[in-house]
2 protein chains.
Amino acid sequence: MSETMQSGPSVQWRSICADGHARRGVLATPHGEVQTPAFMPVGTLGTVKGLTIDQVRATGAEMVLGNTYHLALRPGEEVVAELGGLHHMMGWTGPILTDSGGFQVFSLGRNTRVTEQAAVFQSHIDGSRFELSPERAVAIQEALGSDIAMVLDHVPPLPSSEQLIEDACERSIRWASRCRDAQTRADQSLFGIVQGGLSRALRLRSAAALRDLDLPGYAVGGLSVGESPKEMYGVLDYVVEALPDNRPRYLMGVGRPQDLVEGIARGIDMFDCVMPTRNARNALAFTDEGPLKLRNLRHQRDPRPLETDCPCMACRHSRGYLRHLFLAGEMLGPILLTAHNLTYYQRLMAEAREAIEANEFTAFRERRLAGWAG
Amino acid sequence: MSETMQSGPSVQWRSICADGHARRGVLATPHGEVQTPAFMPVGTLGTVKGLTIDQVRATGAEMVLGNTYHLALRPGEEVVAELGGLHHMMGWTGPILTDSGGFQVFSLGRNTRVTEQAAVFQSHIDGSRFELSPERAVAIQEALGSDIAMVLDHVPPLPSSEQLIEDACERSIRWASRCRDAQTRADQSLFGIVQGGLSRALRLRSAAALRDLDLPGYAVGGLSVGESPKEMYGVLDYVVEALPDNRPRYLMGVGRPQDLVEGIARGIDMFDCVMPTRNARNALAFTDEGPLKLRNLRHQRDPRPLETDCPCMACRHSRGYLRHLFLAGEMLGPILLTAHNLTYYQRLMAEAREAIEANEFTAFRERRLAGWAG
């Protein structure tokens with residue numbers, strides 16, 4: 001690890017105010033500031049599926065996510081680097097966070113084996129063999145050039161034996177340390193990932209060990225993988241408390257609008273999830289009154305937009321038109337609904353930030369939860 | 001036919017200047033003016049595949065095309081009318097031309113039978129039975145609310161017997177007359193379609209008969225269906241001469257950039273074709289140096305845009321990125337290439353208009369043909 005790296009992370013989060021556990025802050029990165037709580041749309045392969053980069057910006061997103069596993073397989077991190085890095089290749093001038101590939105290696109990779117050195121797996125695309133070590137995960141993310149890199153973690157499938165979960169948790173701690181030591185870019189910050197399944201003891205062990213590494217940010221991983229929302233919120237309750245106050249907290253891969261609000265209520269600052277984009281491609285639109293299934297016949301002649309006050313490009317059209325696009329298999333259906341759902345998520349975060357500033361987050365949370373339930 | 005209809009078409013074309021047979025004009029419609037020669041992107045089902053309506057506008061398009069056959073099947077013209085008509089449903093404020101469905105009935109419809117009254121066929125979507133008469137074709141297009149409607153024509157498959165081609169040509173003339181008599185909307189203009197295959201006698205017979213109907217515009221149909229470019233240009237040479245000078249001439253479903261330039265050279269004012277959009281979805285980009293196949297390995301690390309001087313949103317990215325998007329199956333590949341190809345076609349038309357105005361069309365045509373030939 002270089003001296004530059006030790007002298008201070010290039011990504012820094014500062015608090016503006018709090019309302020209960022909910023916090024309002026700003027994440028400063030080499031590519032600009034991000035207002036938190038923040039939702040990052042997922043740009044798996046260097047594109048947020050269905051949208052041009054200007055359209056992503058127009059949803060209100062300030063930061064996007066790229067996937068190390070996917071980009072290392074296609075087009076390969078060296079190609080990305082030759083094309084100017086992930087920012088330049090995508091045309092995204094704001095900050096980018098890359099995951100480490102850990103989650104995908106264990107969920108998408110074939111015949112994955114784990115040694116202390118690395119995870120070895122076969123590509124889900126063509127079966128070719130890859131080895132992902134902590135050092136390699138950092139090297140790939142440095143080639144991609146993201147503002148925030150994530151440590152490589154060992155994510156065992158659930159359910160697994162307690163022994164395996166504990167081994168994976170301990171290994172993830174050692175791998176986090178190796179990731180930090182492998183860093184060479186001063187303009188990239190490394191976030192730790194708290195693992196430990198649903199075990200309070202393991203989660204607290206993981207949080208404490210990562211905290212000792214004094215990383216510029218901390219994520220909570222291994223959630224939204226089949227456990228109940230109540231179990232997930234329970235984990236957040238004690239994990240957040242075990243993390244430093246002056247570092248951003250990132251809940252990985254979560255989730256539904258209600259999960260975001262509940263996460264914010266527990267002190268989470270950053271989120272990412274494919275839910276708004278993936279659901280859009282399946283004709284599901286998020287609204288304050290709950291989701292709308294656009295293929296439903298009842299929308300056929302409906303001249304109303306999805307939401308009357310939404311500024312997105314889908315809401316300049318009727319529900320009837322959107323339904324027609326989906327039934328006809330036209331690309332514009334997924335395109336417009338992706339823009340709407342991402343705009344919905346960004347507006348939700350903006351409203352949450354305003355509510356925290358106004359010390360009205362509890363009322364906001366209750367109002368939204370009631371709307372979605374209704 | 002109402003008195004209003006007889007008193008003058010709502011669409012009118014006026015000449016600005018000419019350069020040989022090539023003409024520069026303006027088409028005035030209820031939804032604004034269109035500079036000619038003009039290329040209309042195809043919005044088959046009420047959407048130009050892959051683009052938002054703002055993106056269609058940004059390509060430079062002034063007029064788009066909708067397909068009667070497709071829209072009558074899905075979502076049905078009554079649904080379109082209830083959603084405010086085709087303009088409002090799509091969000092397109094400029095002029096729209098709808099074809100009559102004739103071509104699709106005979107190319108896409110199943111078990112199509114023709115009587116003097118109508119074409120009867122089964123939907124290619126669900127096999128349901130439809131009857132398309134000249135009166136019905138006009139009624140559908142009036143429900144859609146396009147600025148320009150096309151007469152229903154009988155388009156026999158090629159090759160067909162001379163007798164069938166002649167019968168179809170004569171029937172198309174009678175149907176054109178019935179279409180005119182069926183019109184009830186004063187804000188929609190009906191264009192005739194010259195048929196007759198590759199027979200000079202039939203083409204001239206068709207043109208003369210349609211000319212007698214004194215329609216506000218004339219199309220040349222039944223071309224680009226397998227004949228050689230030379231044969232097509234030959235038909236244009238004598239058909240255009242047989243059409244009135246003071247009416248716009250529309251070459252339907254054509255074609256390649258060279259076909260547009262050759263059509264303009266022969267006095268054609270309007271074009272439509274799926275070529276730029278369909279090819280875009282197959283990773284083929286049009287350029288002044290000929291088409292680029294984006295999947296080719298040689299583009300993998302190429303940092304250059306498709307064209308350095310192109311203002312489209314694809315040309316803000318590298319060829320390497322575009323290739324990656326196609327290989328990864330990302331929607332953004334077809335989206336960006338559709339924008340590029342349509343922008344390419346619109347720039348080509350703008351350059352052609354400038355060349356005509358400058359009396360330099362011959363040199364322009366030679367330069368472009370040489371560039372495409374490579």
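Two residues are in contact here if their C-beta atoms, placed from the backbone, lie within 7 Å. Keep that cut-off in mind for what follows. One more thing before we start: this is a predicted model.

Let's begin with one helix, α15 of chain B. It covers residues 361–373. That is 13 residues, reaching 18 Å from the first C-alpha to the last. The span is close to the 18 Å expected at 1.5 Å a residue.

Which residues of α15(B) are buried? They are B:Phe361, B:Phe364 and B:Arg365. These three cover an arc of only 100° around the axis, so they sit on the same side of α15(B). Now turn to the other side of α15(B). There, B:Ala363, B:Glu366, B:Ala370 and B:Ala373 are exposed.

Next, the domains. I'll switch to chain A for this. Chain A is divided into domain 1, residues 12–273, and domain 2, residues 274–374. Taken over C-alpha atoms, the centres of these two domains of chain A are separated by 26 Å. The contact between them takes 29 residues from domain 1 of chain A and 27 residues from domain 2 of chain A.

Look at the domain 1 side of that contact in chain A. β1 (12–19), β2 (22–29), β4 (38–40) and α11 (257–265) each give two or more residues. Which element gives the most? It is α11(A), with six residues. By class, this side of domain 1 of chain A has 16 nonpolar, eight polar and five charged residues.

Now the two chains together. A rotation of 180°, with 0.0 Å of shift along its axis, superposes chain B on chain A. The RMSD is 0.1 Å. In chain B, the C-alpha nearest the axis belongs to B:Met331, 4.0 Å from it. The same surface serves both copies: 100% of the contact residues of chain B recur in chain A.

How many residues does each chain bring to the contact? Chain B gives 31 residues, and chain A gives 31 residues. On the chain B side, α4 (77–82), α13 (319–327) and α14 (332–357) each supply at least two residues. The most comes from α13(B), with five residues. By class, the side of chain B that touches chain A has 14 nonpolar, eleven polar and six charged residues.

On to the backbone. Most residues other than glycine have a negative phi, and most peptide bonds are trans. Here are some exceptions.

First, cis peptide bonds. One joins A:Thr36 and A:Pro37, with omega about 0°. A:Pro37 lies in the loop between β3 (32–36) and β4 of chain A. In chain B, the peptide bond from B:Arg74 to B:Pro75 is cis, with omega near 5°. B:Pro75 lies in the loop between α3 (68–73) and α4 of chain B.

Then, positive phi. B:Ser224 is not a glycine, yet its phi is positive, about 60°. You will find B:Ser224 in the loop between β12 (217–220) and α10 (229–242) of chain B. B:Ser224 counts as partly exposed, because it has 17 C-beta neighbours inside 10 Å.

B:Ala283 also has a positive phi, near 70°, and is a residue other than glycine. B:Ala283 lies in the loop between α12 (275–281) and β15 (284–285) of chain B. Is B:Ala283 buried or exposed? With 20 other C-beta atoms within 10 Å, B:Ala283 is buried. The cut-off for buried is 20 or more.

Last stop: B:Ser128. Where does it lie? B:Ser128 is in the loop between β8 (119–122) and β9 (129–132) of chain B. It has 9 other C-beta atoms within 10 Å, so B:Ser128 is exposed. Leave aside its neighbours within four places in sequence, and B:Ser128 is in contact with B:Gln122 and B:Ser123. As for B:Gly91, it is 37 residues from B:Ser128 along the chain. The C-alpha atoms of these two residues are separated by 30 Å.

Note on methods
Residues are numbered from 1 along each chain as its sequence is written. Chains are lettered from A and ligands numbered from 1 in the order in which they are written. This is a predicted model: local features need pLDDT of at least 70, side-chain atom pairs count only at pLDDT 80 or more; totals for chains, interfaces and linings use all residues. Helices (H or I, at least four residues) and strands (E, at least two) are DSSP runs, numbered from the N terminus. Ala, Val, Leu, Ile, Met, Phe, Trp, Tyr, Cys and Pro count as nonpolar, Asp, Glu, Lys and Arg as charged, and the others, Gly among them, as polar. Copies are superposed by least squares on the C-alpha atoms of residues with pLDDT of at least 70 in both. The expected span of a helix is 1.5 Å times one less than its number of residues. A residue is buried if 20 or more other C-beta atoms lie within 10 Å of its own, exposed if 12 or fewer, and partly exposed in between; C-beta atoms are placed from the backbone. The arc is that of the directions from the helix axis to the C-beta atoms. Domain bounds come from an automatic or database domain assignment.
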